[in-house]
Amino acid sequence: MPKLQINQVAFKFSVDSTELNTLSFRFATYRSYYPNPRLLMKILLVLFALLFSQWTVAAPVLSINQVAPGIYVHWGVQEFSDTKNHGAIANIGFIVGQRCVAVIDTGGNPEQGLALKNAIENTTSKPVCYVINTHVHPDHIYGNSAFKNTGAKFVGHEKLARAMSVRGDYYIQKAPELLGIALTAKDIIPPDILVNSELDLDLGGRTLKFTAHPAAHTDNDLSVYDPQTDTLWLSDLLFIEHLPSIDGSLKGWLAELDKLESISYTRVIPGHGPLVTDWPKSMQPEKEYLSGLLIETRAAIKRGVFLEDAVSTVGLSFKGRWKLFDEFHRKNVTRAYAELEWED
Ligand SMILES: [Zn+2]
């Protein structure tokens, strides 16, 4: 204890001045406990720098690309969500109006949500007024908590809140094991504004048009159209390169694609995969896969093929044309089988 030593030195000095030699020795010992002020300052500076570098690591800024005036996208990776990427795989981003900003999906974990928020703050001083969740899947909603106290309104399909409450407990329970992240109920934030068919929201001189789709990729898919740039943010209704995953309705999804195919768009932003500027050409592989799945699963059911056999025989000609085929295809056949089994 250095303080104790100082007292001891003072005491010895006052009691016995003949111990001066001992005193100077002890004083030297005391000095050795305390480095000189310059060294102390250096140590403090190093500690401060270390602390500061920790802060910057804890507050990263998400990389974004401006794909049209005021539309920014972070392009996700074509990977299966796991404990290495922590579920940060989807295309997410934001649209800037004259008054405020709309976030389109918040990312696969709370840290990615914060990184997106930092990217927005680096891009514009305008506040976030809307946080749109295009559907319930974890890679699109787990960053929600970053925007909780911003005053922004959360926007979703009218069936999104139900889907969140049905899956929330499971998502929270599985997040450490599947994604290597910890979630609480506070991370699952349901929408304040529900869209049941169509809705317009104004960002100031920029009105976004929302469409709540019938069951397709999920039963709560919401798309966003920006008339100003003729951009459709289709999210997971469109997969490019990454195999589409069915969690809603195969027939419903094909019906939505039929409708969308007849409309022209300058650009379309998929939920997974690169920007589309040749709509509807780039959508054809998805349509072919889903159509093929429908035809082959239907035929297998008609032939009396059991589900266990169907998952390893249906749609195999599509293997090699898609990334993550092995991760999603069997599940897709299972969903298709369940949907088509009682058709007749
Ligand atoms: Zn999805």
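Here is a quick tour of this predicted model, from its overall make-up down to a few single residues. The protein has 344 residues, and 40% of them count as buried. Its secondary structure comes to 10 helices and 12 strands. The average pLDDT is 89, with 84% of the residues at 70 or above.

- One stretch to treat with care is residues 1–32, where pLDDT stays under 50. The model gives this stretch 13 contacts beyond four places in sequence.
- Where pLDDT is low, the predicted coordinates should not be read in detail.
- Take the contacts between residues at least 6 apart in sequence: 66% of these join residues at least 24 apart.

**The nonpolar cores**

- The largest nonpolar core holds 69 residues. Those with the most contacts inside it are Phe94, Ile95, Val101, Ala102, Val103, Ile104 and Ile132.
- Which strand gives the most to this core? That's E11, residues 231–239, with six residues.
- As background, nonpolar side chains tend to be buried together in soluble globular proteins.

**Val73 on strand E2**

- Val73 sits in strand E2. Is Val73 buried or exposed? It counts as buried, because 23 C-beta neighbours fall inside 10 Å and the cut-off is 20 or more.
- Leaving out residues up to four places away in sequence, Val73 touches Ile64, Asn65, Val67, Asn91, Gly93 and Ile269.
- Val73 and Phe94 are 21 residues apart in sequence, and their C-alpha atoms are 6.7 Å apart in space.

**How H7 meets H8**

- Helix H7 covers residues 250–261 and helix H8 covers 284–302; their axes come within 10 Å and cross at roughly 140 degrees.
- The crossing of H7 past H8 is left-handed.
- On the H7 side, the contact is made by Leu250, Lys251, Trp253, Leu254 and Leu257. H8 answers with Lys287, Leu290, Ser291, Leu293 and Leu294.
- Sorted by class, that contact has seven nonpolar residues, one polar and two charged.

- Some context first: most residues other than glycine have a negative phi, and most peptide bonds are trans.
- The peptide bond from Trp279 to Pro280 is cis, with omega near 5 degrees. Pro280 lies in the loop that runs between strand E12 (267–272) and H8.
- His86 isn't a glycine, yet its phi is positive, near 55 degrees. You'll find His86 in the loop between strand E2 (71–74) and strand E3 (92–96). With 21 C-beta neighbours inside 10 Å, His86 counts as buried.
- Glu241 also has a positive phi without being a glycine, at about 70 degrees. Look for Glu241 in the loop between E11 and H7.
- How many other C-beta atoms does Glu241 have within 10 Å? There are 15, so Glu241 is partly exposed.

**Around helix H6**

- Leu178 lies in helix H6, which spans residues 160–179. Leu178 is partly exposed, with 15 other C-beta atoms within 10 Å.
- The C-alpha atoms of Leu178 and Asp82 are separated by 5.7 Å, although the two residues are 96 apart along the chain.
- Where is Ile189? Its place is in the loop between H6 and strand E7 (193–195).
- Ile189 has 19 other C-beta atoms within 10 Å and is partly exposed, since a buried residue needs 20 or more.
- Not counting residues up to four places away in sequence, Ile189 touches Asn144, Ser145, Lys148 and Phe154. Between the C-alpha atoms of Ile189 and Ile141 there is a separation of 8.2 Å, for residues 48 apart along the chain.

Technical notes: Residues numbered from 1 in each chain as written. Predicted model: local features only at pLDDT ≥ 70, side-chain atom pairs only at ≥ 80, totals over all residues. Core = buried A, V, L, I, M, F, W, Y, C linked by C-beta atoms within 7 Å. Buried ≥ 20, exposed ≤ 12 C-beta atoms within 10 Å, placed from the backbone. Helix = DSSP H or I, 4+ residues; strand = E, 2+ residues; numbered from the N terminus. Axes fitted to C-alpha atoms, helices over the stretch in contact; angles between N-to-C directions. Left-handed = near helix turned anticlockwise from the far one by under 90°. Contact = placed C-beta atoms within 7 Å. Nonpolar A, V, L, I, M, F, W, Y, C, P; charged D, E, K, R; others polar. pLDDT = per-residue confidence, 0-100.
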